[in-house]
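Subject: Structure handover

Hello,

Here is the structure we talked about. Please open it and keep it beside you while you read my notes.

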Amino acid sequence: MNNFREYRAKNRDGAWVYGSLVCNDSFCKIYPNNAIHYDVIATTVGQWTGTYDKNDTKVYEGDIIRAENRLFIVVFEAPQFCAKEIDKNIFYLLSLKEYMEVVGNIYDDVWMMDLN
């Protein structure tokens, strides 16, 4: 599997699953390998950015990261992944955030969205 194309999403039981993604108009599935697949909730799908935080945690689209005592949401702004400061229209190149740390995500940690 090409790791840069790795995705994550929540399955119907609410657990995170990771792997290759297949979607069409009626379903989304994640395949961790060729023998297993999970039906996933399409609104929770996020792609791995190809970046790790300071703790070697993979950074995915939809993650909330802390850097320089500020909170950011990881988003895809073509042609690249960016860190968008919460409640601001300021985007930073994700690759420049060498001190970033994943502290949550927009699906599990909605309360963090009010912090800033």
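The model is predicted. Its mean pLDDT is 86, and 88% of the residues reach 70 or more.

The fold has eleven strands and zero helices. Of the 116 residues, 37% are buried. Take the contacts between residues at least 6 apart in sequence: 48% of them join residues at least 24 apart. The protein exposes about 7000 Å², with 49% supplied by carbon and sulfur atoms.

Now the charged pairs. Opposite charges on side chains can pair when the charged atoms come close. The whole structure holds six salt bridges.

- R8 and D63: the closest N and O atoms are 2.6 Å apart. R8 sits in strand 1 and D63 in strand 7, 55 residues away. Both residues are buried.
- K10 and D108: the closest N and O atoms are 2.4 Å apart. K10 is in strand 1 and D108 in the segment after strand 11, so the pair ties together parts 98 residues apart in sequence. K10 counts as buried because its relative accessibility is 16%, under the 20% cut-off. D108, at 37%, is partly exposed.
- R70 and E85: the N to O distance is 3.5 Å. R70 lies in strand 8 and E85 in strand 9, 15 residues apart. E85 is buried at 4%, while R70 is partly exposed at 25%. Shared partners join E68, R70 and E85 into one salt-bridge network.

Best wishes

Technical notes
Residues numbered from 1 in each chain as written. Predicted model: local features only at pLDDT ≥ 70, side-chain atom pairs only at ≥ 80, totals over all residues. Heavy atoms only, no water. pLDDT = per-residue confidence, 0-100. Helix = DSSP H or I, 4+ residues; strand = E, 2+ residues; numbered from the N terminus. Buried < 20%, exposed > 50% of the residue type's maximum accessible area, 1.4 Å probe, protein only. Contact = heavy atoms within 4.5 Å. Areas by Shrake-Rupley, 256 points an atom, 1.4 Å probe, with all protein chains shown as cover. Salt bridge = Lys/Arg side-chain N within 4 Å of Asp/Glu carboxyl O.
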